[in-house]
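User: Hi, I am new to this one and would like a careful walk through it. Could you show me the model and then start with the terms I will need?

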Amino acid sequence: MNFTDTIVALATPAGVGAIGVIRLSGDRAIEIVNAVFKPKDLSTQPTHTIHYGRIESKGRVYDEVVASLYIAPRSYTKENVVEISCHGSPFIQESILQLFVEQGARFARPGEFTQRAFLNGAFDLAQAEAVADVIAADSAAAQNAALHQLRGGFSKELAALREELIHFASLIELELDFGEEDVEFADRKDLEALVNQLLKNIRPLVSSFRAGNAVKNGVATVIVGKPNAGKSTLLNALLNEDRAIVSDIAGTTRDSLEDEWTLGGIKFRLVDTAGLRETSDVIEALGVERTQAWVKKAQVVIYMADATSETPDGIAAGVEALGALEIPVIKLLNKVDQIADLSAFQSAIPDLIPISAKNRDGLNDLETALLNVVGLDQVSTNGTLVTNLRHYQQLLQTQETLEGVLNALKTGLTGDLIAQDLRYALHYLGEITGQISNDDLLKNIFGKFCIGK
Ligand code: GDP
């Protein structure tokens, strides 16, 4: 791809700082800087070198700067790139930017450097998207996932899958070319094995999205329970502060609070709903509009029961009502410091976690349950984390299409129907990495089989 213009932008945040970095990319990047850079001639310098000098024009010295040179194709965008480190005054930065524009550079659009890098083949689309994720990462886990993707781990896996799929599709297309002759180049048993293998690779990627999304966007977690169950006390224990107001008088505390709490590198956005305070019956309470709205937005519900005032049957009924929401529910029995025998509760409610929010007992079990709910346990085993919604949707479509192929093979459907599903699967995968084109398929057929039509 050959871009004719040279783009320029401030690469560091606008505002006052120790230094600011101005970045140029394009054929004329070095020439444009060189026209106002003194005393060295930058046009004769080798790539990957840095040079101290002055930005100067018409007798006015703008700043003393350091220029870093990256000569095409050895740069981020694969074009000539110059980065100017100047003093971090908005006035100086603005003046130098204007000067470069006067010399023929154009202000870059958002993301244009990365877009050029992608179009010039520096990396694929999934990696280009990872650049944005690395910049936006606000937790260690999010940063790790984005860096992994940036390095191409995720893309490499997909490219390999796609390669196999192209081969698979070529054989079937070849059969179609021979139309009436009733030939089978593609052994159906081999094809089935291959599709199964592909599905085995794609399914963990698809299922990693739950954790990937949690890592990237956090997990909306709602705490529900009767008034005085100890929800605020739990919130305070988790957050280690007196953020929520703990009160002995039911229904007198404040409205819903939202707090961020980081666990295992994942941000849980905890909401303590005040809605349930308005009634003492959980099933009835779920009808409370405001609470319902919160619970609808939740990805996990923590249901807290009070061991000192609720019966095992009452709690079980509440749990059952929550089951209708079809989101994971973590069941806590609070105030167990007051109860000698928990067996009646435990036999009535499976997976009940006994805690004492007040004494901070049992909180580890709650933490483990939360991490399991977001699927973080799966992540360590398969390594690759899909964090991007577009990739997830594309992978899911690939998976569904391949499952269709598998069905077609089992029920003995004709080659043209299978070929169609395969084309779709290739399309979805190709769109993730940005390689999408039907030419791939054709090139592979002609390249490998020399049909010569
Ligand atoms: P909320 O209405 O669900 O937010 O309940 P609060 O957090 O305001 O707690 C209600 C009352 O229960 C307060 O007096 C707390 O001190 C008390 N409480 C909370 N957790 C425990 C616990 O684990 N054990 C005991 N004994 N009391 C608790």
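Analyst: Buried here means under 20% relative accessible area, exposed means over 50%, and partly exposed is in between, with a 1.4 Å probe and protein chains only. This is a predicted model, in which local features need pLDDT of at least 70 and side-chain atom pairs count only at pLDDT 80 or more, while totals for chains, interfaces and linings use all residues. Residues are numbered from 1 along each chain as its sequence is written, and side-chain values use heavy atoms, with hydrogens and water left out.

User: Thanks. How many salt bridges does the count come to?

Analyst: The count comes to nine, where a salt bridge is a side-chain nitrogen of Lys or Arg within 4 Å of a carboxyl oxygen of Asp or Glu. Among them is the pair Arg-54 and Glu-56, whose side chains meet at 2.7 Å, N to O, and Arg-54 is partly exposed at 31% relative accessibility.

User: And what does Arg-106 meet in a salt bridge?

Analyst: The side chain of Arg-106 meets that of Asp-5, at 2.6 Å from N to O. Arg-106 lies in strand β7 (residues 106-107) and Asp-5 in the segment before β1 (7-10), so the pair ties together parts that are 101 residues apart in sequence. Helices (H or I, at least four residues) and strands (E, at least two) are DSSP runs, numbered from the N terminus. Arg-106 has a relative accessible area of 26% and is partly exposed, and Asp-5 is likewise partly exposed at 26%.

User: Which partner does Asp-306 have?

Analyst: Asp-306 forms a salt bridge with Lys-335 at 3.0 Å, N to O. This pair links distant parts of the chain, with Asp-306 in strand β11 (residues 300-306) and Lys-335 in the loop between β12 (329-334) and α13 (343-348), 29 residues apart. Asp-306 is buried at 4% relative accessibility, whereas Lys-335 is partly exposed with a relative accessible area of 23%. Elsewhere, salt bridges that share partners join Asp-5, Glu-79, Arg-106 and Arg-116 into one network.

User: Where are the cis peptide bonds?

Analyst: One joins Lys-38 and Pro-39, with omega about -5°, and Pro-39 is found in the loop between β3 (37-38) and β4 (49-57). Another joins Ala-72 and Pro-73, with omega about 5°, and Pro-73 lies in the loop between β5 (60-70) and β6.

User: Changing topic to strands, what does β2 pair with?

Analyst: Two strands pair if DSSP finds at least two bridges between them. β1 and β2 pair in the antiparallel sense over four bridges, and in β2 the bridge partner of Ile-7 is Ser-25. Seven bridges join β2 to strand β6 (residues 81-87), also running antiparallel, with His-87 in β6 as the bridge partner of Ile-19. Strand β2 (residues 19-25) is mostly covered, as five of its seven residues are buried.

User: Which residues touch the most other members in the largest nonpolar core?

Analyst: In that core of 33 residues they are Leu-234, Phe-268, Ile-330, Leu-332 and Leu-370. A nonpolar core is a set of buried Ala, Val, Leu, Ile, Met, Phe, Trp, Tyr and Cys residues joined through side-chain atoms within 4.5 Å. The largest share of this core, six residues, comes from α14. A second, separate core of 30 residues includes Phe-168, Ile-172, Leu-199 and Leu-406.

User: Last one: which residues does the UniProt "binding site" annotation cover?

Analyst: The annotation, from an unreviewed UniProt entry, covers Ser-232 and Thr-253. UniProt positions are given in the numbering used here, feature names are shortened, and annotations may be inferred rather than shown by experiment. In the model, Ser-232 is in helix α9 (residues 231-239) and counts as buried at 7% relative accessibility.
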